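Please keep the sequence and the structure in view while reading.

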Amino acid sequence: MVRPVTVNGGMSMRAWYDILGFNRGIPHDEVGIRASDAEVTALIRRENERGIPSSHIVLGGFSQGGAISLFSGPRYPDRLAGIMGLSCYMLLEDLLPAQRSRANYQTPIFLAHGTQDPVVDVRRGAEARQLLEAGGYPVEWHTYPMPHSVCPQEVEDIAAWLRKVI
C-alpha cells in the first residue's frame with residue numbers, strides 16, 4: 001500500500017504503516033498496523049483456500065515487513081511454520097502478552113540485524129529478541145557487520161533455518 005510516511009517528510013511511499021520515528025517510546029500507528037495485520041491474515045487465508053495449511057507458511061519480512069511479521073505471527077490464531085524478522089523491531093509490544101495466540105507459542109522465530117544499521121538500531125532488534133524470548137518463543141538470533149541491508153551470510157542462515165522449519 002502507498003501511504004504518507006511521517007519520517008519521509010510526509011511524502012507517500014510503499015509502507016505497511018506510518019512511521020512516526022524509529023526510537024523507542026515514539027508512538028506506533030496502531031490503525032495502520034492493524035490494517036496491515038488484516039491484510040496478512042487475508043493473504044494467509046487465501047493460501048489456505050488454495051490448499052496450503054497455515055503450518056506450512058512462514059511469515060517474514062525486512063524492516064517494516066519484518067515488524068509486521070513479528071506483530072502478526074504471534075497473534076495469528078493457527079499454527080504457522082515460522083516467523084522471520086530482518087532488521088526490524090516490535091510493534092505495540094506492550095499489547096503482545098494479552099493478544100498472543102496459543103497456537104504460535106512454540107513457533108520458531110528467526111531474527112537478524114546489521115550491527116551497523118543506521119535506520120533501525122540493532123538494539124531495537126535485540127529488544128525484540130528479549131521480549132520474544134521472555135514470552136517463551138524459540139528465537140534464533142543473528143547479527144552481521146552490515147548496514148540496513150541483507151548480506152550473503154544472512155541469506156545462507158535464512159536458507160538453513162527455512163530448511164529446518166518447513
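Is Arg 123 buried or exposed? Arg 123 is exposed, with a relative accessible area of 58%; here buried means under 20% relative accessible area, exposed over 50%, and partly exposed in between, with a 1.4 Å probe and protein chains only. The model is predicted, so local features need pLDDT of at least 70 and side-chain atom pairs count only at pLDDT 80 or more, while totals for chains, interfaces and linings use all residues. Residues are numbered from 1 along each chain as its sequence is written, and side-chain values use heavy atoms, with hydrogens and water left out.

**Salt bridges**

Side chains of opposite charge can pair when their charged atoms come close. A salt bridge is defined as a side-chain nitrogen of Lys or Arg within 4 Å of a carboxyl oxygen of Asp or Glu. By this rule, the model holds eight salt bridges. The table presents three of them.

| Asp 78 | Arg 45 | 2.7 Å |

Asp 78 and Arg 45 form a salt bridge. Asp 78 belongs to the loop between helix H2 (64-75) and strand S4 (82-86), whereas Arg 45 belongs to helix H1 (residues 30-49), so this pair ties together parts that are 33 residues apart in sequence. Helices (H or I, at least four residues) and strands (E, at least two) are DSSP runs, numbered from the N terminus. Asp 78 is partly exposed at 29% relative accessibility, and Arg 45 is partly exposed at 33%.

Glu 127 and Arg 124 are three residues apart in helix H4 (residues 122-134), and about one helical turn separates them. Glu 127 is partly exposed at 28% relative accessibility, but Arg 124 is buried at 8%. Elsewhere, salt bridges that share partners join Arg 46, Glu 47 and Arg 50 into one network.

**The surroundings of Asp 18**

Asp 18 is located in the loop between strand S2 (12-14) and H1. Its relative accessible area is 19%, and Asp 18 is therefore buried. Leaving aside neighbours within four places in sequence, Asp 18 is in contact (heavy atoms within 4.5 Å) with Arg 3, Pro 4, Val 5, Thr 6 and Asp 29. The side chain of Asp 18 reaches the backbone nitrogen of Thr 6 at 2.6 Å.

**The sheet**

Strands of a sheet pair through backbone hydrogen bonds, either parallel or antiparallel. In this model, four strands form an open sheet in the order S3-S4-S5-S6, with parallel pairing; two strands pair if DSSP finds at least two bridges between them. Strand S3 (58-62) and strand S6 (139-144) stand at the edges with a single partner strand each, so one side of each has no neighbour in the sheet. Direction ignored, neighbouring strands of this sheet are turned by 10 degrees against each other on average.

S3 and S4 are joined in the parallel sense over five bridges, and Gly 82 in S4 is the bridge partner of Val 58. H2 lies across S3, S4 and strand S5 (109-114) and runs at about 150 degrees to S3. For these angles, axes are lines fitted to C-alpha atoms, for helices over the stretch in contact, and angles run from 0 to 180 degrees between N-to-C directions.

Technical notes: Polar contact = N/O pair within 3.5 Å; in protein donor to acceptor, adjacent residues only side chain to side chain.
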